Structures are given as structure tokens and as C-alpha cells.
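Here is a short report on strand pairing and charged side-chain contacts. Keep the structure open beside the text while reading.

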Amino acid sequence: MAEEAAVRAQAETVRRLKQDKADADEIAKEVAKLLEMKAQLGTDEGKHKFVLKTPKGTRDFGPKEMAIRERAFKAIISCFKRHGAEVIDTPVFELKETLTGKYGEDSKLIYDLKDQGGELLSLRYDLTVPFARYLAMNKITNIKRYHIAKVYRRDNPAMTRGRYREFYQCDFDIAGQFDPMIPDAECLKIVHEILSDLQLGDFVIKVNDRRILDGMFAVCGVPDSKFRTICSSVDKLDKVPWEEVRSEMVGEKGLSPEAADRIGEYVQLHGGLDLIEQLLQDPKLSQNKVAKEGLGDMKLLFEYLTLFGITGKISFDLSLARGLDYYTGVIFEAVLLQQDNEHLEEPLSVGSVAGGGRYDGLVGMFDAKGRKVPCVGVSIGIERIFSILEQRLEASEEKIRTTETQVLVASAQKKLLEERLKLISELWDAGIKAEMLYKKNPKLLNQLQYCEETGIPLVAIVGEQELKDGVVKLRIVATREEVNVRRESLVEEIRIRTSQC
Amino acid sequence: QGTRDHAPAQAALRERLLSAVVSCFKRHGAAAIDTPVLELRETLVGKYGEGAKLIYELKDQGGELLALRYDLTVPFARYLAMNKITKMKRYHVAKVYRRDNPATTRGRYREFYQCDFDIAGQFDPMIPDAECLKIVHEILSDLQLGDFVIKVNDRRILNGVLAVCGVPESQFIPACCTMDKLDKVSTGLMGRHFWSWDGCLRLGSVVAVLVEKSGRYDGLVGMFDAKGRKVPCVGVSIGIERIFSILEQRLEASGQKLRTTETQVLVATPQKHLLAARMKLISELWDAGIKAEMMYKKDPKLLKQLQYCEDTGIPLAAIVGEQELADGVVKLRDVATRKEVRM
């Protein structure tokens, strides 16, 4: 704006000089200056013509996506509530120091806010660390809560594969000191319920335990110092074949080939209670204290899962490792078994739709006195679920509505805007979801067309004759039948007809 | 600083409030959209006038320069332009981020919810504008905040008044800025946020009890579109945080306790060694869609379980003890009346 004002001022200068019949050279000089300034303004405008886009790895949700999202959230939240969870919310940013040191190698993926003279802030990377911070800050010793919100990671986005930089996480956690494995079992029951309700197809929930993994590494001869790094190699087994994982462990991480082979024998194992019993008898594992502890709890867990009726979809899988450092006990991951659109997915693609575990030490890291609050929880892979639902909707040709409007208030003749406004106001005041076109004299055909496009099931038509008779013509869009309804009964009629759908 | 966690009680209240607002937006046929919390800095630059220095910027970490969204209007304009949409009625309920120093008593936090409803498109005059005001009226009435008034004005009238009073055109914007402060000074309310768009018509709306911003901002989408096509817009932004503060205070004053869960029944066992029975029963209830809880103890005392119901407002307890198991029944207890029925 300042540049434009300067140009105007310069133009004024030139005009005055010409009017005053000033020296020709001076005029020429000022004119040249004016032209240059105009040209400059032109390029400045060019600079301001930016590309319209969202930041890399982020996306808008249009009405259709929102409708799908709402469906998914409704099913998930309803399950959380069924299990008596409260909801909390935390700010999108955390103090940088809160997040430092909690994510291991992934810390470089955290978004930092610019230092604008205040506390140093970062965008949350997940919902678990904020939860632990919340518990410690408020000295809460037990809570069952869910939290659905966006998190931020400066990852390499792969939007076609559903990997974003801003994405939703959907967490459910139980914090508190309780009798062993009961809350853990409830977490798994919740995952089972959600995945069944959403009808995503067949799935399996793999379970393992950090203690069993650690015990297994110990008896296979992995040095203590290499536990975590070997663990992250084993974690890759769901995406990458054993041979590759083995060569990473031996070649890159310096593990002895014998140790690697011993690990190989165990990680191929998966099953149910029978496998647990078998391992409890395993001569090597049964000598290892932590493995025994883990196996004991795993057995208890399976007993509870049997009572909950879900063991059909549970698999005790020794190759399950889960990347994050803070798990201390049971870990689990839910995987979809069959993809409809295989041409879109990578061959060994992770059909992972939920994951979680027990993390007893995290809250203690935030507490001034190091007081521990044991936690177990699950994170639902909601973005993956959105993708699947979106793909499914496209394939099915079902048309999803983006509004919930029940009736369009229309007029058949001209000069009925006032009547339309009066009627729609009555409907809104009665809580009816209604729309009208923002035109003084819309054509009836256009109004009916609008209903068909947006899925509005009913039309309330005001016409001169109907007004005289004290009725409203109610048209059912699908069948095209029309009934005359008394004005006073209209609200009730609409309610009845829309509840039947 | 200036941001707060929402503990379950607050979150439950907030959920109620937002759901009342959304229900009104839906009643008027609006579709929802959502945009990223992150925007490119260049998208936000130059759109907020004085407000620009309050934008949260992200550190330059070697990629695009980013910032946190300051409102929901500029993202909406971007969305319309990006998708070449010329007509849309949308609502957007989401958090926005501003770096001002929070005057906590006036309820202005650094991270806060906005509830926006906008109608974009070329229509017959004032019909969409009227609907926006109807929406504000409905929401404020539904929430029963007390008496309110919606003040309405028009920038063209304002400019006209300034002109006939002899204010030079170049002084219009600063004059409006100052007049904007009238509300702050005389009534102690927070004033509107002033957006310095040239030639923008704007309805100014301040509600007696809370901050309400709304207006017509015809110039904004034109700023984004390459061909300079203008898509007229009118919309409202509900000052939800202010309303939330008021409701929170009222709730505290009334001594009423809002439930933070929706649990219908607690599954309880009075004697020892009945964990399996409890788990089986609660599983049946969950599978049938009933909202149920149980305590995470192998052998909890009945008294503690009933106490838990009273503390959290659970209305029923399904008690299964040794006798009930033998008889194939469950004792259903009404927590409030203490009446028990075997079934």
C-alpha cells in the first residue's frame, strides 16, 4: 500500500511539473522515475501472487471427508464412553523441554516454534507425553481418559500412503495402580470393539511383552547395551523379511550371527495360551526372571481375554516389538488382514490400525519426586481408518450426505420470499433442520434440483392458494408424492417422516 | 503460558457447549470443513493488519516457512480459492492461535476455540446476512446466557458518516480503529478485532454479554484468487471462550456437579473370587452397547464399589454374588433410591 501511495505521489509530482511548464529535462527525469516505480509495483504484485496450497504433508478436510470423519469418530467415541472414559484436552504446543528426550531418534521430527521472546515451545508429537505431563502436573493417580486431537511430525510425507505431517491421533489410556492385567485386558477389548463396529474387515491383534522380549534377547546372548537397538530391528519384521532384519542386526548393529539365529527361532513363533505354556516350559526362558514375569502376566491376560470373548482375534506374537522406548510391559498392535485395494498398497504394507501397551515409567519422568503412575493405553490409527472408509465409499457408489437438512422451504410462485422466511423461521425455532435458497424468486425446478443434489428428503412448498387455505404442501423428494399439511401440524409431520428414514 | 489443559469437568462442559453451537449450524444446513493448524506464512502475511505481529511462527527448520492459523476466515478464503468454489455454506469449529498477553479474567487465551459459520456466494441481497443474525440469536437464546443485544452497522454507513463530518479519506481506517475502542472504554467489553481491508463492508456486532465478531468481508477471497474473482462472503464467529467462562462460573456458583462420564451401570461383586463372573457379565453388557464399568480389583469391597457410583454419578449397579450366580440372576440396584431388584 505504501508503494501505491508513493506512485500516486510521484504521478502528482509529474502532473504538477507539466502544469507549471517546468524544465523538459526535469519532467523527463520524473516521468522516468514514475515509470520505474510503476514497473516495480508490477513485480511486487507478481511476488505477492503466491501458490495457493496447504503446507507440505497437511490437507484440508472438505465436507465429504468431514462426513466420513464424523462417522468414524462417532463409532470410536461411543466405544470409549461405553467403557466409562472421560475426555481431556491439552494445548497443541508443549514446552520444548517437556518433549525433549522422550522420543529417541524421532526427536528430530519435532516442529519447533520460532523464538519470539517467550518460552520455547514445540508442537506435540503425540498425545501420550502430554498425558503423562498432565498427570504429573495435576498429581493425578488414577484416570481413564480418551483424547482425540491432531499431532505434528516433520516426517517425509507420503500422502498417497496416508502418511502426513499433521494427523489425528485417537488415544485411550488407563492410569493408576490396579490389580495386574485387568485394565490391559480392557484396552484390548476396546480395540476389538472399535474395529468390529467399524466393519473394516478381518483383523488380528498381536500381543507381546517388553519383558519377554528383553528376556529373550538375554537368553539369546544379546549384550544389554544392544537391547534397544536390536529391538528396533526386530520391530521391522512386519514390513521386511527375516533375512533382511538378520543382516541388519549382524552387519550394521554388530550382533553375533549365533545370537541372531537364536533370535530367529523365537521370533517366528505365534499362537495362544498353548504357546505361552510351551514357553513357560522352555529351558532357557524359564531360567530368565523377566521373561518368566512377562509370560506369567501374558497367561493372566489371555485368561481375561477369554472371559471377554475375544481370544479368537488375539495372537501372542514374539516378533512384535513396537518402536517407542517407553513401553515397560504388554505391547500390542492391531492389523487388518485383507486389503480391498491391493493395487494401492505396498506389498508388505503394514495394515496396522491400532497399537499400544503398558508404560509404567513415563509419568515418573515428569514428576518432581519421580512418583510413578502406571499406565496402559492404545492409540487408534484413525488416519488409516479414514483412508479405508474413503476408499470404500468411493467403491460402493453410496452417496454420503454432507448436511443433515430435513426440509427445504420452497415457493412455487414469485413474490413469496417473505412467506418463505416466516415459515423457515418457525421450523428453525421448532428445531427442524431447514434450508431455503437465497433468491427472491427462485424457480421451483431449481429448488427441487437442489434437494436432489444435496439429499434433502422433504420440501415444504408455499404457494398463494396454500397460504389462503392455511396449509403447506409437503413433497417427498424420493417418491415425488405431495400432501397438503395444515400449517400447525407441519412440524410434527416433518418429525414423523424424518424419523422413519 | 496462556494455554490450559481441559480437565474432564471442563472438557465435558465444553463438549456440551460446542455441541449446542454445532447443532444450530447444522439446523441451518451448513457443511463442516477443517483446515490444517499450520499454514504457509505467505498465506497469512498481509491479511491481518495490526494483528500480524500476534501470529505464532514456526522456526525455520529448513523447509517451508510456516505459522499457526490466527483465525478460521483466512483459511476459509484460501480453501474457496484453492477449490474454485463460488458458493458454500460452511461451519468450522476449531482452535486458533494468537500471541497476545492473555488477560485471563477476560477469557482471552493464546489457544482458543472459534466457531465460525459463513455463507460464500453471490445471492440476492441481505438474505444470507439475515440468516447469520438469526443464527447468532438462536445460539445465544439456546444457551440461556441472559439478555443480549446484537448491534448492527455497515461500513458504508460508517464511511459516509466520517465523510460528512469532514474526515479525510486517508484517515478513515485510523478513525474506525479509534471508534472500535469505544466499546472497550465505555463498557469494559473487549472490542472487535479490526481488519484493515479496503472497501470492506462490515456489520459490526457486539453482544451485550460476550465477544461476538461477524461481518461481511467481500474483499478477502478476491485477494487470493489469481484472476481476482471476488466471492462475496458473510459470516459469524462465535466467541466461545467467553461463553465458556460464563457457563463455568455459573456452574461453580450453583454447586451443581456435571458428570464427566456417561456410564449407566457399574458391574459389582460383593464377595471374593468373583472376578471372572464380573468380567463375563460386563462383556455381555458392552457387547449389547450398554455403558458399563467395573473396578480394576480382583476382590473389591461392595461398599467401595457403591461409593464409586455415588462419586461419579453412575445410576445403577449390577451386583452378582455367589447366591445370584447359583440362582442365575443379577441384582440390579438403583444407586439413588437404594432399591434392589433381582432379574
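The model is predicted. In chain A, strand β15 covers residues 471-476 and strand β16 covers residues 482-486. The two strands pair in the antiparallel sense, over five bridges. One of the bridge pairs can be named: A:Arg475 has A:Glu482, in β16(A), as its partner.

Five residues sit between the strands of this β15(A) and β16(A) hairpin.

## Salt bridges: the count

How many salt bridges are there over all chains? The count comes to 60. A few of them are described below.

## Within one helix

Helix α1 of chain A runs over residues 2-19 and holds both A:Glu12 and A:Arg15. These residues are three apart, about one turn of the helix. Their side chains form a salt bridge, with the closest N and O atoms 2.8 Å apart.

Are the partners buried or exposed, or in between? A:Glu12 has 33% relative accessibility, so it counts as partly exposed. A:Arg15 has 46%, so it too counts as partly exposed. The cut-offs behind this are under 20% for buried and over 50% for exposed.

## Between a helix and a strand

A:Glu186 and A:Lys144 also meet in a salt bridge, at 3.9 Å from N to O. This pair links distant parts of the chain, 42 residues apart. A:Glu186 lies in helix α6 (residues 182-197) of chain A, and A:Lys144 lies in strand β4 (residues 143-152) of chain A.

Why does A:Glu186 count as buried? Its relative accessible area is 3%, and buried means under 20%. A:Lys144 has 9% relative accessibility, so it is buried as well.

A:Arg358 forms a salt bridge with A:Asp360. The closest N and O atoms of this pair are 2.9 Å apart.

Other salt bridges share partners and form a network. Which residues does the network join? Its members are A:Arg69, A:Lys150, A:Glu166 and B:Asp34.

How values were computed. Residues numbered from 1 in each chain as written. Chains lettered and ligands numbered in written order. Predicted model: local features only at pLDDT ≥ 70, side-chain atom pairs only at ≥ 80, totals over all residues. Heavy atoms only, no water. Pairing = 2+ DSSP bridges. Helix = DSSP H or I, 4+ residues; strand = E, 2+ residues; numbered from the N terminus. Salt bridge = Lys/Arg side-chain N within 4 Å of Asp/Glu carboxyl O. Buried < 20%, exposed > 50% of the residue type's maximum accessible area, 1.4 Å probe, protein only.
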